[in-house]
Amino acid sequence: MNLSKPSRPARKAPIRKSGFSAENVPDEIKTGIGELITQWSYVAFQLGVIIRVGFKIERDAGFALLFGSDLQPLCRALRTLAESKKWIPDAALRQDIKQLAADIQHKKDRRHDFAHGVFGLNEDMSGKAVFVRYRFSDLKQQQNKPASEIVTPEILRVLADEAYDLGRRAQDLTVKLKGMR
């Protein structure tokens, strides 16, 4: 399998008054956002497996029922699953599942910040152009403009690593749950 970067024809940048377009986004930022989203996709997949195995739903039916579910309903289903000895007799495992759901609920908004964010270029304190994510819910009082946060590959790596850790925890719980069957 050849995983080298395929060549593609040069793209003509769209005409924009702001001068910003997707072509201005550094490749390492695009890669970082992609990894963050990929890691969270794995988390969502593993939550579906825990739900399917925990509720003893057949694989095909589980995929059909859970297809396209966002993290919120998946976490709700995890909490429901972990509430009853009927589905999971082991109290420690039930607690671990509840804790995983709580941790995911706590961190999922950062995934959404980048998966559904609005991005652009701003100047930092030294006047250098930096890539930013705009925070429309946090308007700067005086200027009535959205606040922004600088986005770096390092920030994205930390967030992707957090999602990776959640995915591994979910996978470990899946293995434990399957071992009980």
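Predicted model: local features only at pLDDT ≥ 70, side-chain atom pairs only at ≥ 80, totals over all residues.
Local features were taken only where pLDDT is at least 70 and side-chain atom pairs only at pLDDT 80 or more, while totals for chains, interfaces and linings use all residues. Residues are numbered from 1 along each chain as its sequence is written, and side-chain values use heavy atoms, with hydrogens and water left out.

**View 1. Helix H1 crossing helix H2.** Here we look at H1 (residues 27-54) and H2 (residues 59-66), whose axes come within 10 Å and cross at roughly 125°. Helices are DSSP runs of H or I with at least four residues, strands are runs of E with at least two, and both are numbered from the N terminus. Axes are lines fitted to C-alpha atoms, for helices over the stretch in contact, and angles run from 0 to 180 degrees between N-to-C directions. The pair is therefore oblique (under 35 degrees counts as roughly parallel, over 145 as roughly antiparallel, 65 to 115 as roughly perpendicular, and the rest as oblique). On the H1 side, Phe45, Gly48, Ile51 and Arg52 make the contact, and on the H2 side Arg59, Gly62, Phe63 and Leu66 do (contact means heavy atoms within 4.5 Å).

**View 2. Helix H3 packed on helix H4.** With axes 9 Å apart, H3 (residues 71-81) and H4 (residues 91-115) pack at about 160°. That angle is why H3 and H4 are described as roughly antiparallel to each other. Leu71, Gln72, Cys75, Leu78 and Arg79 of H3 meet Ile97, Ala101, Ile104, Gln105 and Lys108 of H4. Sorted by class, the contact of H3 with H4 has six nonpolar, two polar and two charged residues (Ala, Val, Leu, Ile, Met, Phe, Trp, Tyr, Cys and Pro count as nonpolar, Asp, Glu, Lys and Arg as charged, and the others, Gly among them, as polar).

**View 3. The buried face of H3.** Leu71, Leu74, Cys75, Ala77, Leu78 and Leu81 are the buried residues of this helix (buried is under 20% relative accessible area, exposed over 50%, partly exposed in between, with a 1.4 Å probe and protein chains only). Down the axis of H3, they fall within an arc of 160°, so they line one face of the helix. The arc is that of the directions from the helix axis to the C-beta atoms. Their cover includes H1, H2 and H4.

**View 4. Ser137 out on strand E2.** Ser137 sits in E2 (residues 129-140). At a relative accessible area of 79%, Ser137 is exposed. Ala147 is ten residues from Ser137 in sequence, and their C-alpha atoms are 8.2 Å apart in space.
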